[in-house]
Amino acid sequence: MQSSNEKTSNLLRFLLIIVFVNHVFCDENGTGSNLNVTVSISPHHPLPVDTSSKIPSPLPVETSFKFPSPLPVIPPGGEKNFGKGKIDLGGLEVIQVSISESTSQRVWRAFEGGPDNMGVSIFEPINLPAGFFTLGFYAQPNNRMLFGWVLVAKDISGNSLRPPVDYMELGNTTSLVVKQDGPAYFWQPLCPNGYVAVGVLVTTSPVKPSLRQESISCVRSDHTEQMSEADAWVWGIEGVTVSSLRPANRGTEAAGVFTGTFSFQQLNFPLPSLSCLRNTKFDLSNMPSQDHTRQLFRSYSPLVYFHPNEEFLPSSVDWAFSNGALLYQKGNESNPIPVQPNGSNLPQGGSDDGLYWLDYPADESARERVKRGDLGNTKVYLHIKPMFGGTFTDIVIWIFFPFNGNAHLKILFMKSLSLGNVGEHIGDWEHITLRISNFNGELWRVYFSEHSGGSLVEACDLEFQGGNKPVAYSSLHGHAMFSRPGLVLQGQDGNGIRNDMARSDKFFDTSTGYEVIAGQGIVEPQWLNYFRKWGPTVQHDLEKTIDGIAKTLPGFLRKKFRQLTDKIPHEVLEEEGPTGPKVKQSWNADE
């Protein structure tokens with residue numbers, strides 16, 4: 001018979017086992033630990049689908065998204081064609097049809113597969129203005145509110161559009177074990193010589209569609225770019241993949257136009273061959289004027305929230321320069337030069353060759369003051385650039401942080417393990433991009449930079465505050481930008497580098513302090529053309545640091561810890577100052 005002490009000891013062991021198991025297999029929210037990891041799903045390899053799930057009613061797609069406040073009013077007149085509703089691509093005039101009950105009809109839908117296993121809806125644009133023709137149908141996942149558009153075209157040169165001569169079936173849903181509105185058939189137009197297809201037509205009949213131009217139109221090949229690629233995964237199930245399309249070549253000088261159409265692929269059927277439109281009249285006449293830009297930014301300027309425990313806040317560039325920033329030169333490290341408030345004495349041009357770098361005062365108190373930034377002296381910097389052949393405008397919002405804090409790791413039941421000085425570096429540039437239609441001034445997407453990558457978020461999936469201002473959340477210490485608060489891990493299986501986002505009384509309304517630093521007709525500040533590093537490169541013995549941390553862990557955690565640290569991105573681990581905005585690959589390219 002057990003004594004009371006033995007019973008107490010056994011009970012304590014049992015409770016410890018329960019607590020340990022709970023920590024190992026559940027995160028702090030009590031859910032499976034892998035739920036905290038941001039998972040990227042390849043459109044070519046969709047996840048298995050549970051076809052037994054119930055059909056939600058109503059589906060989110062059955063509600064049209066509306067912005068919280070009216071869109072900015074574009075004043076008429078002026079030399080620019082911005083916001084006039086139509087764009088001449090050089091003999092081919094296009095308008096942007098926003099998908100709604102009055103402008104489109106739903107052709108078909110499935111109730112399973114795709115994002116959140118909610119299915120997909122296919123829409124055909126209708127009630128087009130006289131002389132305009134459909135180039136392809138629109139597809140959207142059912143898991144979000146209806147928000148999208150497709151371009152339709154008018155031939156103003158006399159030979160830019162032609163009806164198809166035949167159709168090729170790309171696949172159908174007759175054999176799919178999926179809840180759907182009956183079978184659907186997907187067709188690619190076969191075009192006359194010298195013309196190409198840019199979209200897909202969908203029917204609910206196996207009979208080939210009509211060859212009338214009113215059904216779908218082919219585009220003269222010199223109005224197109226032959227290379228298009230998947231933009232986003234829309235739907236997938238049982239060997240079928242639906243993806244929206246975008247130009248393969250994108251950037252400030254690329255003429256490819258986002259058409260809003262989609263591609264359909266099915267095993268054992270022909271692969272589609274679809275092009276995208278091209279602006280052969282790419283003269284920037286459809287870009288917003290400087291007055292338009294200010295109006296747009298006032299309407300859509302983001303609010304950036306910082307974590308309540310954030311120590312390292314942003315500032316303006318001139319505030320950091322005025323508070324002791326120093327320019328160092330290789331070979332003359334003992335004689336740093338104070339940087340002028342406007343950066344006028346910074347070396348211009350060149351490359352990131354290691355000859356120069358910036359640092360802060362050696363005096364500890366002065367150094368700490370600069371590192372912590374100053375919200376009251378914060379300013380964001382705007383780069384205005386054309387996208388998709390000048391049919392969209394990107395307002396890129398650059399945010400400067402004088403210092404990037406250290407990294408923390410979540411590993412099994414250890415919620416936040418400090419990595420010491422790993423991840424710290426002087427200078428930190430982050431950005432948020434507003435992607436705005438030049439047809440009507442509507443915000444379409446917002447890009448949030450997240451360390452070495454980022455994510456484009458549709459306007460219908462954003463959080464808004466104070467009208468049509470999107471909300472952004474800056475991660476604790478690392479300052480990666482996210483569209484929602486919470487925890488995102490860089491890792492796998494519920495373990496990895498923590499990105500903690502939360503709302504607090506530390507926030508910045510970007511409309512209260514901004515400067516346009518680059519774009520058509522803008523005189524660039526001198527600091528923008530400083531192409532070297534905004535902080536020193538400090539050589540740490542990372543292996544020694546990581547080994548030191550590993551030795552403090554229980555034996556069963558050390559292997560897992562090393563597996564995780566081996567996968568941490570380079571820029572998170574090393575103390576190396578960043579280059580400035582103009583050196584980033586996205587400066588002249590797409591996000």
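Predicted model: local features only at pLDDT ≥ 70, side-chain atom pairs only at ≥ 80, totals over all residues.

Mentor: The protein chain has seven helices and 39 strands. Of its 591 residues, 53% count as buried. Among contacts with a separation of 6 or more, 70% join residues 24 or more positions apart. The chain exposes about 25300 Å², and carbon and sulfur atoms supply 52% of that.

Now to strand 28. Strand 28 spans residues 425-437. Buried here means under 20% relative accessible area.

Take its partners in turn. Strand 25 pairs with strand 28 over twelve bridges, in the antiparallel sense. Within that pairing, Ile399 of strand 25 stands opposite Glu430 in strand 28. Strand 29 also pairs with strand 28, again antiparallel, over five bridges. There, Ile436 stands opposite Leu443 in strand 29. Strands of a sheet pair through backbone hydrogen bonds, either parallel or antiparallel.

Strand 28 and strand 29 form a hairpin, with five residues between the strands. Gly441 in this hairpin has a positive phi near 75°.

Next, the packing. The largest nonpolar core has 53 residues. Leu277, Ile395, Leu434 and Leu443 have the most contacts inside this core. Eight elements each supply at least two of its residues: strand 2 (92-98), strand 7 (149-155), helix 2 (290-300), strand 20 (303-306), strand 24 (380-387), strand 25 (392-404), strand 28 and strand 29 (443-450). Strand 25 gives the largest share, five residues.

What does it touch, leaving aside neighbours within four places in sequence? Leu434, Arg435 and Ile436 are among its contacts.

A second, separate core has 28 residues. Phe137, Ala139, Trp187 and Ile216 are included in it.

Charges come next. Side chains of opposite charge can pair when their charged atoms come close. The count comes to 29 salt bridges. One network, joined by shared partners, holds Glu229, Asp231, Arg246, Arg250, Asp394, Arg435, Arg445, Glu458 and Asp590.

Asp231 and Arg246 meet in a salt bridge at 3.6 Å, N to O. Asp231 lies in strand 15 (residues 228-237) and Arg246 in strand 16 (residues 240-247), so the pair ties together parts 15 residues apart in sequence. Asp231 and Arg246 are both buried. The other pair is Arg250 and Asp590, with the closest N and O atoms 2.6 Å apart. This pair links distant parts of the chain, 340 residues apart. Arg250 sits in the loop between strand 16 and strand 17 (256-257), and Asp590 in the segment after strand 39 (575-576). Arg250 and Asp590 are both buried.

Compare a further pair. Glu214 and Arg212 form a salt bridge at 3.3 Å, N to O. Glu214 counts as partly exposed, because its relative accessibility is 46%.

Three bridges join strand 26 (residues 408-411) to strand 27. Leu409 stands opposite Leu417 in strand 27.

Last, two loop residues with positive phi. Phi of His479 is near 65°, and His479 is not a glycine. His479 lies in the loop between strand 32 (469-474) and strand 33 (481-482). His479 is buried, with a relative accessible area of 0%. Asp116, also not a glycine, has phi near 60°. Asp116 belongs to the loop between strand 3 (104-110) and strand 4 (120-125). Asp116 is exposed, at a relative accessible area of 59%.

Key: Residues numbered from 1 in each chain as written. Heavy atoms only, no water. Helix = DSSP H or I, 4+ residues; strand = E, 2+ residues; numbered from the N terminus. Buried < 20%, exposed > 50% of the residue type's maximum accessible area, 1.4 Å probe, protein only. Contact = heavy atoms within 4.5 Å. Areas by Shrake-Rupley, 256 points an atom, 1.4 Å probe, with all protein chains shown as cover. Core = buried A, V, L, I, M, F, W, Y, C linked by side-chain atoms within 4.5 Å. Pairing = 2+ DSSP bridges. Salt bridge = Lys/Arg side-chain N within 4 Å of Asp/Glu carboxyl O.
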